[in-house]
Amino acid sequence: MVFGAVTAGAVAATAMAASVLMVVQGPRDDPAPAPGTDLSTHYDEALLDRPAPMEVDLVEHPLYGVPMPEAVDCDLPSLDTSSDESWLEFSTAAGECLDTVWAPVMEDLGLRPESVDFEVSTDSPDADNADGYTLAYYEIDHHRITVVLPNVRELGENVPDSEQEMVWLALMGHEYGHHVQYATGILPVTHDLRRDAEEETEELDTLRRTELQAECMAGVALNSISEIGAGDLETINDHFNSGGDLETHGRAANRAFWLEQGWAQDTVAGCNTYEAEQRRVT
C-alpha cells in the first residue's frame, strides 16, 4: 500500500514538472529594469584580484606561541622488522597517533592539514657518495612519508627488540615534523631560501635548521605520547644522535640537543631553530 501511494505521487509530480517546463519554455519579454538604486555602483573591482600570498616569518611564526600538546595514548602494533606489511602497518598507526598529538596545535592555528599517507620502499634513494643514508623521507606533493626498508633494517640490527617500536616511532616523529612544517607554511619558504641561496654554505645552513627543527618536533611528539618516558629519550638519542656528524642534519650533539629541547619546553617556541645561534645549528 505504501509503495502504491508513492508511485501515484510520482506520476502526479511528473505531470506538474511537465507543466512547469512548458511555461518556462514559452516566449517571454525581457523584464523592464526596476526603479531604484543602481547596484553597479556597489561593485568593487578589487574583489576580482587574486589574494596576496601569505607571508610566513620563520623567526616569529605563530606556531612558536602554541603550548605543547597534551599527552595521548598511542597503541602501536608490534613490529616484525622482517615483514614489509608489518612496517607499513606500524608506520601507518604511528602516523594516526601523531595526527592526534598535533591536532590541538593545528586547531590553535586555524589549520586543517591533510593526513599523511605512508608507504614502504625496498629501494634506497641514496647515491653512493651520500652524507649518511636515508631511513625515511617526506614528500610535500603527496603528503606522504616513505620508509626505506633496507636502511631501517640495517640500522635495526643494532637495536634491541625491546626498543624497536620506540626508536622507529621517533623516526616517524621526525618525518611528521616536516609535515607540520609544511602545514604551517615553513617548509615551502625554506625550499625557496635554499633554491635562491648564493652560496652552498647558506643553503646548508637553511637545510640544517629545517632538519633540526623537525628533530625538535619529534621531541615534542614523544613527550606527548604517554607510553614514552625520559629514559626512552636517552635511548633514542643513543641510537640516532650519539655519533656521526652530518653536514645536512647537523652535528650529533646538536641533534640530541634539539630532540631534548622539543621534549622539555613549555611551548613550541623551543623549536625555533631559525632564531638559534650558529653553534646550535652546525
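Buried means under 20% relative accessible area, exposed means over 50%, and partly exposed is in between, using a 1.4 Å probe and protein chains only. By that rule D192, at 34% relative accessibility, counts as partly exposed. This is a predicted model: local features need pLDDT of at least 70, side-chain atom pairs count only at pLDDT 80 or more, and totals for chains, interfaces and linings use all residues. Residues are numbered from 1 along each chain as its sequence is written, and side-chain values use heavy atoms, with hydrogens and water left out.

**Helix α8**

- Helices (H or I, at least four residues) and strands (E, at least two) are DSSP runs, numbered from the N terminus.
- Helix α8 covers residues 252-264, which makes 13 residues.
- The expected span of a helix is 1.5 Å times one less than its number of residues.
- For α8 that rule predicts 18 Å, and the end C-alpha atoms are 18 Å apart, so the two agree.
- Buried residues of α8 include A252, N254, R255, W258 and W263.
- The buried residues of α8 pack against α6 (200-223) and α7 (230-240), where contact means heavy atoms within 4.5 Å.

**Salt bridges**

- Side chains of opposite charge can pair when their charged atoms come close.
- A salt bridge here is a side-chain nitrogen of Lys or Arg within 4 Å of a carboxyl oxygen of Asp or Glu.
- The structure holds 7 salt bridges.
- One of them joins R144 and E119, with the closest N and O atoms 3.4 Å apart.
- R144 lies in strand β3 (residues 144-148) and E119 in strand β1 (residues 117-121), so this pair ties together parts that are 25 residues apart in sequence.
- R144 counts as buried, at 19% relative accessibility, while E119 is partly exposed at 37%.
- E119, E139 and R144 are linked in a network of salt bridges.
- D192 and R195 also form a salt bridge, at 3.1 Å from N to O.
- Both D192 and R195 lie in helix α5 (residues 186-196), 3 residues apart, about one turn of the helix.
- An α-helix has 3.6 residues a turn, so residues three or four places apart point the same way.
- R195 is exposed, with a relative accessible area of 59%.
- E277 and R279 meet in a salt bridge at 3.3 Å, N to O.
- E277 is partly exposed at 47%, and R279 is partly exposed at 48%.

**Aromatic rings**

- Rings of Phe, Tyr and Trp (its six-membered ring) pair if their centres lie within 6.5 Å; planes under 30 degrees apart count as stacked, over 60 as edge-to-face and the rest as tilted.
- The count comes to 3 aromatic pairs by this rule.
- W168 and F240 have ring centres 6.1 Å apart and planes at 70°, so the pair is edge-to-face.
- This pair links distant parts of the chain, 72 residues apart: W168 is in helix α4 (residues 164-183) and F240 is in helix α7.
- W168 and F240 are both buried.
- F257 and W258 have ring centres 5.1 Å apart and planes at 80°, so they are edge-to-face.
- F257 is partly exposed at 22% relative accessible area, whereas W258 is buried at 4%.
- Ring pairs link W87, W168 and F240 into a cluster.

**A charge over a ring**

- A charge sits over a ring if NZ of Lys or CZ of Arg is within 6 Å of the ring centre and within 35 degrees of the ring normal.
- The charged end of R280 sits over the ring of F257, 3.9 Å from its centre.
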